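Dear colleague,

I am handing over the structure we spoke of, and I would be glad if you could look through it alongside the notes below.

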Amino acid sequence: MHCSFCASNITKALKRQQGVLSVNVSLAHEEVLVEFDPSKVEGWQLDETLRSLGYTVRDPDKVRSFEEEEKELRGARNRLLGSATLTFTALGIMSLYWLGVARPMPTWMRVGMIALALSNVFGFGFPILEMTYHSLRRLILNQHVLMELAAFGGLIGGFIGLFVDKRFPAPDFFAISVFIVSYHLLGGYASLLVRTKSSQAVKRLLSLQPQTAKVIRDGKEMTIPVQQVSKGDLVRVRPGEAIPVDGVVVEGVSAVDESIVTGEPIPQEKRVGQEVVGGSVNTNGSLVIRVTKVGSEGFLQRVAEYIEEARAMKPGILQLLDRVLGFFVPGVILAAVAGFTAWSLGAWALTGAPNLQRAAFAALSVLVMGYPCALGMATPIAMIRGGGLASEKGILFRSSEAFHVLQSVDTVVFDKTGTITVGRPSVVRVLPVEGVSEREVLVLAASVEALSQHPLAKAVVEAAREHGFFLEQAKDFQEVSGAGVRAKLSGKPIFVGKLDFLQDMGVSIDTRIVDEVLAMEAKGQTVFGVALDGKLMGVVGVADTIKKEAADVVAKIKALGLTPIMITGDAKRTAKAVAESVGIGRFYARVTPDQKADKVRELQAEGHRVIMVGDGINDAPALMQADVGIALGAGTDIAIESADVIITGSDLNKVIDAIQIGRNSYRKTKQNLAIAFSFNGVGIPLAAAGLVQPIWAMAAMVLSVTTVILNSFGVKTASTLGRLLTKMRSRGEKIQENRKEHTKSKETESKLVLRIPGIHCYECISRIEEAVVRLDAVSYLEIDPQSKEVVVFYRDGDVLKDEIMRRIVELGYEVIQNDN
C-alpha cells in the first residue's frame, strides 16, 4: 500500500465479497483486519482478492526479521545513492551545455544523457514503475503516477528532439527525467527509514514474560522453558520474581504488583484461590500457583492481540496531499490533452493546418511541469520544523500523521495512574490520636516498616526520611502475611497494619478514627494503623498522589475546546476522587486493556477524533487505537512504541505543547503544499500554450523547494542556528573544562549515581547535560542511555546533590537515586 487511495480501494474490493462483515485497513502498518462469515467466504478467497489488485499478502504473525527490514532499507538507500550519482553527472553535462562550452552538444554527451535518463527511470526508478503500474490498474491517480507522467514526458520529448524534430530541446527533456526520479526516490527513502526504524511493539511486549518457570512435578522443583508449561502444572514464584503464566494461587500469601494489568502502583494481596496474571510481579511472599492459561490464552499474548487489532482498526487518514492529488493529477492530464488539442485540432480549425510540432511540445511540457518537486518535501519540511520545535520542549513526533490529525481532535482521554497521578505510592496523610504528634506516628511506623520489603512500607520510610526524622532500631520483626507486621521498639510491642489486624491484637479503636479511616478510603487511600504497647497511636494513609500540574493542564485542555476524559483500571471510588480533583467530569473505572481500546473505538464511532495519553502496558492497545497516541517517556517501552507522540519525562504540560505544535505544523504543511502547487499552477497553463521550455521546469523545481524551506523555517533560521551553535559550543567548552578539572581532583570528589527512566534519545542527554554542567561545582558527568544511568562527579558536599536532582526533575524527568 502506498497512499490513502490504496486503503480505500482495498476496503471497497473486500466489502464486495459476500460474507465480509467489516474491513479495517491500517496504511501506516500495511495491515488489513477483516471480519467475515466463514460459511460464505474463506480466508484464501480474500487473499486472492487482494492479490488480484496487485498486492502481496503476508501472514501478520510472521513479522519480518530485523535483517529483512535492514536489507530493504539498504536497497532503498543504494538506489537513492545510485540515482543521485546519475543526477549529479547529468547536472555536470547540462552545465557545460547551458554555459555554451559544449554547444552544440557532442554525440557522446547526447548518448550519455540518453543513458542517464533510461538508467534512472528504468533502473534505479524501476520500483516506482511497478507501483505506478499497480496504481493505474486500481484506477488510482497518486504521486507515483504524476512522477512517471513527468519522467516519460521527458523521455518522449528527448527522443523527439534527437530523432524527429531538432527544435525540441532534447538535453533539457532528458535532464528532467533524471532529476525527477532522484527527487522521488529521496522522498520514498525518508518514508521507509521512519517506518523501518520504528520498533515492534508486540516484540517488546512479549519480552516482558519470563522465559522460564519453576515447575513442581512429582514433588521436585525444576526450571523449564515457559513454552513447556502445561495447564494444571504447579509453579513456584519467589519474592521479587515475575509470575511467568496466568494461574490460581494454591499456596502462600503475598502482595502482587499488578500494574501490568490495572496500572495501579499499590500491590494487591493474593491468597489461596485468587487469580494472578503472567507478567505481574510477586513482591514479598512465596507463592505456588496452578496454571490455568498457557500460550495464546495468557494475558500478555491477549494484550499483544489487542494491540494488533487496534493497529488495524485505527481510523484511516486521507492525507491532505492525497486529497489534492485526487484533483491535481486529472487536471494535469486534461491540461496536456487540452494543449495538444488546441495546437492540433484548434490550429487546423483556425488556420486550416494543424501545428503538430507545437501540439506535441505543449503536451509534453505540461506533463513535465505537472510534477512539483517541492511536493515530496512540503510535508517532511513542515514536520522537521515542528519536530525541531517539539524536541526543544522534550517532545518526539514519530509520524507526519500525528501533525495532520492534531488539528482536528476534539477529545483527550487520559489514563489515571502515572499520567494524571505520579504513579507510585506515597504518604498523603498521617492522623494521630489525641495527645500524639504526626511525627511520632510516622517515626514509629517507619522504624518498623524499614525492615519490610512491602512497597507500601517503602513509601512510609521514604516519607520519614524526607522529613529528616531519625528512625529507631526495631527488634524481633515478624511479618504477618496479608495483615501487617509486628516488632519491638525499646522493649515495647508495636503493630503496624490493617485495623482488623490491630483489633485482633487487642488494640481498641475509637469510632472517630474509624469514621476518619472510612473517609480516607473513600478518597482512594490505603490506610493502616500504628499501635504501641497495646494503644493506637494513629493511622497513616498511602495513595498515588496527583501531579501538581494535572488540574491546570485539564483546564487548558478545556480552553482549547477539547473534552477531557479519564480512564483507569482502578476502582470507581478512587477514579471518581481523582477525576473530581483535577476537574474531569467524565471517567471510566475498572477498565481492562482491551476495554480501553474499545472505549476509544466507541468515541471514534460517535464521530470524535481522539487523543489517548498514557504510560503503561495496559494503555498500549488504546494508544494504538487512538487517532493520536501520546506516551509519557517515563512509562514502559511498550506504551512508547505504541504511541505516535512521545513526551520525555512525565510533565503533562507537554501534552498542550504537542497539540499546539501539531496544529501549527499542519498550517505550515497547507502553506507549503499551496506553494508547491502554485508554481506548477502557473506553469501548466503557460506550458499548454507552448510558451514554457523544459529548462523552466527545472528552475521551478529549485525555486519552489527554496520557497518551501524559507516558509517553513523563516528568516529566523540563521539567527536560531547561530544561537544553537553558540549554545552547543559553550556547553562543550564547559564539559571539556570540567573534564580536565575532574581528572585533577578525582580523589576529592563526591559521586552521585542516578537512574532516569525517561532517557530515550540524544536530545534527553543533551538537555540533562546542559542543566547540570551549569553548576560550577559539577566537574564531570557520564550518561549511559542504555542503562539510563547518570553518574555526576561534584564538589561542595551533599547540599549540591539536592540541587542536581532538582534541576533534572524540573526538566520533567523522574529521578531515582542509586544508593549503591
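This is a predicted model: local features need pLDDT of at least 70, side-chain atom pairs count only at pLDDT 80 or more; totals for chains, interfaces and linings use all residues.

When the whole structure is searched, two cavities of 30 Å³ or more are found, and I describe here the second largest cavity, which holds about 30 Å³ of space. Its lining is formed by Met105, Arg110, Met113, Leu162, Ala170, Pro171 and Phe174, and the elements that contribute two or more residues to this lining are α4 (107–124) and α7 (170–197). Helix α7 provides the largest share, with three residues. By residue class, the lining of the second largest cavity consists of six nonpolar residues and one charged residue, with no polar ones.

Trp98 belongs to helix α3, which covers residues 66–98, and because its relative accessible area is 31%, a value between the limits of 20% and 50%, Trp98 is classed as partly exposed.

Turning to the loop residue, Gly240 is found between strands β5 (234–237) and β6 (246–251). Its relative accessibility is 57%, and since exposed means over 50%, Gly240 is counted as exposed. The C-alpha atom of Gly240 lies 9.5 Å from that of Val256, a residue that is 16 residues away along the chain.

With best regards

Note on methods. Residues are numbered from 1 along each chain as its sequence is written. Side-chain values use heavy atoms; hydrogens and water are left out. On a 1 Å grid over the protein atoms alone, a cavity is a set of points where a 1.4 Å probe fits but cannot get out, and a pocket is an open set with protein on both sides within 12 Å along at least five of seven lines; lining residues have an atom within 4 Å of a point. Grid points are joined across faces, edges and corners, and a volume is the space filled by probe spheres set on the points. Helices (H or I, at least four residues) and strands (E, at least two) are DSSP runs, numbered from the N terminus. Ala, Val, Leu, Ile, Met, Phe, Trp, Tyr, Cys and Pro count as nonpolar, Asp, Glu, Lys and Arg as charged, and the others, Gly among them, as polar. Buried means under 20% relative accessible area, exposed over 50%, partly exposed in between (1.4 Å probe, protein chains only).
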